[in-house]
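Open the model in your viewer and keep the selection tool ready. Each stop below tells you what to select and what is there.

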Amino acid sequence: MSTVQGPLAFPSGREYQEALQNTAVCFQDLDLRGARPQVNKLGLPRPVSGQFASVFSLTSAVGRRYALKCFTSHVRDQQDRYEAISSKLSGIDPGSLSQPWRIGFDYVPDGILVNGSRFPVLKMDWVEAVTLSNWLDHHYTDSAAVRELAERFAQLTTDLAAHDIAHGDLQHGNLLVAQDNTFRLVDYDGMFVPALNGRHSTERGHRNYQSPARGDDDFDGTLDHFSNWVIYLALHAVAADPSLWTRLHEPDGEYLLLTEDDFKNPARSVRLPTLLSHTDSTVRGLAEQIKTLSWQPLSLVPRLSVAVTPTPGTHIPGPRTSPGRRPDWLDGHVTATTTASSTGVSATPPGSLPGKYTHRRAADVLLGLLLPLAVLTPSALALAELVSPVVTALSFGGTLGVTAFTTRATRYTRPETKILRAHLSQLREKRRATLGPVREADQLQRKRQEFDASETDRKRQLTAAQTKLERSHEKAVKTAEKKKVQDQQAIDRGIASLAGQRRTTLDQALARYRKEFIDAELRKVRLHEKELTGIGRSLVQALAAQGVRTAADFTGITLVSAGGRYNNVTGLINAADGRRIDIKGIGENRARTLESWRIRQYARVSSRAPSNLPTARRQSIEADFVQREADLSRRRRMTETTARTAREDAGKKLSSGLARLTGEDQLAARHASQQRQQFAQRVKQLGDPHSRLAAVEAEIAAARRSARALSSLRYLRFALIGR
């Protein structure tokens, strides 16, 4: 019996199912030995199968219930990870937690016996609770209960963050709701604790809860940040509007309200717009946050805070709609990732731009005096009929032109317009400077999406190649096992038939030995006329001439009818060499006399024939059969060796193939990690150009509003009346 470790050795869910039919044999653990598994309709242990394991429910002899996780695939440094996780969780004071979400477990390296080898299992305390999605199915109409659960979830995330723990796969199936409406957190396979810092993630979590930007190299305390926003949004949205659960959630759907497609391409999402346009401001704000964070590196995703949870009746302002901007109501509720100066645009302080003209200069006063003259003088001349109407029109037009030019020139030199022009020029320059980073950020996001798509495709191809190797290995092992069984069955039939063959061979050998004895004795009994009534010397001599001299020289007679008028019968002597001898003078009666004589001699000799083989002959036959049985047994053992060699060859081929794929994957993963680091570094360098552009556009809009207050008409009025 051995403890098997490695990527190829783990049994399937069906093999675990078969082993669990006899828990008294497959377990050494005292709690599990003899435990009763929960069974299906066929009476077999019922598994809940996942990607890497099957989970069974067992009840111990003392009535305690456990969830037993049996691994179907190898996970690198699995035992080290579970020991680190167990050490961290067991060291947390339960009184410091908001709720009893922690589940007790034991990692047992040689926990279960399957097919002669021992494999690790995870023995977990059974949780009397339902999944989050199942709970919502039954309580979504109870807004108060859902709002309370959202608060509990926010508190759970605070607990995890306080201890620098990340679950790694927060989703509806791993968040269980107990009867007291508190959470229980299960499935710690991908959990991050500080002792695992520097390692890679063993999984990427449920696709409908994870950021599209998450990679295998993302493995730290920020793992849950994006999932937290997704789950909190769903809970708050259902609390605010229960109809969203039936509108956006499909029965038995593997998500709450949003799916992977909503994160990967928010612009084409069919669900996200419903939340973005919702009447509840917090729902809109949370949805905007999800949209903004969808392609952000996890290191830049802010942490959900308990303070974000609204209390009933509290009004939270709605989010701004500027692209790329964080909603106002989130300020102060999330961990800041940028400072006010990081945008590269200094907001214009309120009132710094002139909103009207003040303090008329001499030029402004002069313009105010000239304006009435420019209008009245041509009019007075025309009324006095001192000039012609044509001259009046030309004079009037010229005066207006000069006045307009003077107005423009004078207004252009005003300090208010100078300040506004300079400010607008500066803002346009800032906008031009910001457009480049915006385009680069958009291009960077497209490249990141393409890169992640190629990585997903590469991973899919890797999984397909691994599956192909494993299936080829499985086929080779099954073929070897099938041939072994067929060969062994044929050999077993041969061994089983040896006893009958031995008996037959001994009987045949004894029959031959008795025949040899009888033939030898019959050759000693010669034909003599004194013993053969009616057969004289001449007939004896005639028989001798044909080779019939003793009782051993013939085996009997054959009577042949000659036919014809008298239908005479001739007696033919059956010689020992197969001839039929016709001796003239020996008819039917004399032939019968010869046959009767031979029968008497044969009976006399047979009675003295040996009934057992000589010891040497018997031992020789016995030795031959012993050798034949030994040969068959050796051939049977050879089938085991041949099958084992075939399995080992298949295993080596699979190991080398998987090692090659692993090497290629590690090389590609290192390259991908470098690429992601470059993406993250460039994203960090760029900051948030969309927000900067939105801020510049907002300032330009404000400047244009100020420009309307400093229009030419406003200036003319100012020049005339001083305000």
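**Before you start**

This is a predicted model, in which local features need pLDDT of at least 70 and side-chain atom pairs count only at pLDDT 80 or more, while totals for chains, interfaces and linings use all residues. Residues are numbered from 1 along each chain as its sequence is written, and side-chain values use heavy atoms, with hydrogens and water left out.

**Stop 1: the whole chain**

Show the protein chain as a cartoon. Its secondary structure comes to 18 helices and 13 strands. These are DSSP runs numbered from the N terminus: helices are H or I with at least four residues, strands are E with at least two.

Now colour by burial. Buried residues make up 40% of the 723 residues in the protein chain. Buried means under 20% relative accessible area, exposed means over 50%, and partly exposed is in between (1.4 Å probe, protein chains only).

Next, consider contacts, meaning heavy atoms within 4.5 Å. Among those in the protein chain between residues at least 6 apart in sequence, 70% join residues at least 24 apart.

**Stop 2: the nonpolar cores**

A nonpolar core is a set of buried Ala, Val, Leu, Ile, Met, Phe, Trp, Tyr and Cys residues joined through side-chain atoms within 4.5 Å. Select Ile112 and Leu132. In the largest core, of 91 residues, these two touch the most other members. Helix α6 (residues 225-240) gives the most to this core, with 11 residues.

Stay on isoleucine 112 and show what surrounds it. Which residues is isoleucine 112 in contact with, leaving aside its neighbours within four places in sequence? They are Tyr16, Leu20, Cys26, Phe27, Cys70, Ser117, Arg118, Phe119 and Val121.

Then move to Ile557, Ile573, Ala575 and Ile581. They are among the members of a second, separate core of 24 residues.

**Stop 3: the salt bridges**

Side chains of opposite charge can pair when their charged atoms come close. A salt bridge here is a side-chain nitrogen of Lys or Arg within 4 Å of a carboxyl oxygen of Asp or Glu. The structure holds 37 of them.

Select lysine 69 and aspartate 187. Their side chains meet in a salt bridge (3.1 Å, N to O). This pair links distant parts of the chain, 118 residues apart: lysine 69 is in strand β5 (residues 65-71), and aspartate 187 is in the loop between β10 (183-185) and α6. Lysine 69 is buried, at 8% relative accessible area. Aspartate 187 counts as partly exposed, at 22%.

Aspartate 487 is partly exposed at 28% relative accessibility, and lysine 483 is partly exposed at 48%.

Now pick glutamate 521 and arginine 608. Their side chains also meet in a salt bridge (3.4 Å, N to O). Glutamate 521 lies in helix α13 and arginine 608 in the loop between α15 (588-606) and α16 (615-686), so this pair ties together parts that are 87 residues apart in sequence. Glutamate 521 is buried, with a relative accessible area of 14%. Arginine 608 counts as partly exposed, at 43%.

Finish this stop with Glu481, Lys484, Glu640 and Arg647. Salt bridges that share partners join them into one network.

**Stop 4: the largest cavity**

On a 1 Å grid over the protein atoms alone, a cavity is a set of points where a 1.4 Å probe fits but cannot get out; lining residues have an atom within 4 Å of a point. Points are joined across faces, edges and corners, and a volume is the space filled by probe spheres set on them.

The structure holds four cavities of 30 Å³ or more. The largest has a volume of about 60 Å³. Select its lining: Thr157, Leu160, Ala161, Ile165, Gly221, Asp224, His225, Asn228 and Arg303. The elements giving two or more residues to this lining are α5 (143-162) and α6. The largest share, three residues, comes from α5.

**Stop 5: two loop residues**

Most residues other than glycine have a negative phi. Select asparagine 181, in the loop between β9 (175-178) and β10. Asparagine 181 has a positive phi of about 60 degrees although it is not a glycine.

End at aspartate 252, in the loop between α7 (243-248) and α8 (260-264). Aspartate 252 also has a positive phi of about 60 degrees. Is aspartate 252 buried or exposed? Aspartate 252 is exposed, with a relative accessible area of 73%.

Key: 1 Å grid on protein atoms, 1.4 Å probe; cavity = no way out; pocket = protein on both sides within 12 Å on 5 of 7 lines; lining within 4 Å.
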